[in-house]
Amino acid sequence: MKHWLIYDGKPLSDFGCYITNAAQYNTPERDTTMKSIPGRNGDLTIDNGRYENISVEYSAYIYENAEEQMDWLNAFLMSHTSYARLEDTVHPEVYRMGRISGPIKHKTTNDAAMSSFTLKFDCKPQRFLKDGELWRTVASGIILYNRTGFTAKPLIRVSGAGTVAIGDTAVTIANNSYGSIDIDSETMDCYSGSANCNGLMTGDFPELAVGENRVTFSGFSSVKIKPNWWTL
């Protein structure tokens, strides 16, 4: 069975590019600071509460019309200067955010019909679960269970004005004249489409801790949550 990458929504199989491996199970390094204390044996380890980026490499090939296809593939990949969604068909249940780090060095046959190469991406440490992209319309008092082992930062969509809390962390939206407002715990931003709504918000951005999370709200006519589950 052939496998391929999907980058920024475009299957690289459109360029005749396929992969022979998917090194998705390597884990990133925890960000820590080591300090030496005079008169104390050993180093003091300070956990900075984050993970470093990870390099993800794919062995890839183009087996037909490689000379022309390589030009189009290189142009598409190298035109991206920021993070984009990265998926592969080996692990269809997850995706990463990555950017091509290059260079792409092709090894071609004498007639330039076939090419093999390595695609290297600089990726954010998380592997996001695709079922965490699904909107959940919640009732007050419902419990969302985080099975991943890592605290998730949800996107909360509210209609009307009111207060919503996950556990002990609550956020209030007052004087809402928009159809709906998004409270984004990942970006720590509040908006409705392109409109900035931070001035309507008070409180803190809720998170989904490991295990059970009780969601309560009052005032709002509707609350939806996209949990953004992730793992390493």
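A residue is called buried if its relative accessible area is under 20%, exposed if over 50%, and partly exposed in between, with a 1.4 Å probe and protein chains only. Strands (E, at least two residues) and helices (H or I, at least four residues) are DSSP runs, numbered from the N terminus. This is a predicted model, in which local features need pLDDT of at least 70 and side-chain atom pairs count only at pLDDT 80 or more, while totals for chains, interfaces and linings use all residues. Residues are numbered from 1 along each chain as its sequence is written, and side-chain values use heavy atoms, leaving out hydrogens and water.

In a regular strand the side chains alternate between the two faces of the sheet. Strand β17, residues 181–184, is covered on both faces, with Ile181 and Ile183 buried on one side and Asp182 and Asp184 buried on the other.

Two strands pair if DSSP finds at least two bridges between them. Strand β14 (residues 155–159) runs antiparallel to β17 and is joined to it by four bridges, and Ile156 has Ile183 of β17 as its bridge partner. Strand β18 (residues 189–192) is also antiparallel to β17, with three bridges between them, and here Asp182 is partnered by Tyr191 of β18. A hairpin is formed by β17 and β18, with four residues between them, and Met188 in the turn has a positive phi of about 55°.

A disulfide is a pair of cysteine sulfur atoms within 2.5 Å, and by this rule the count is zero. Cys190 is in no disulfide, since the nearest cysteine sulfur, that of Cys197, is 5.2 Å away. Cys190 counts as buried because its relative accessibility is 0%, and Cys197 counts as buried because its value is 1%.
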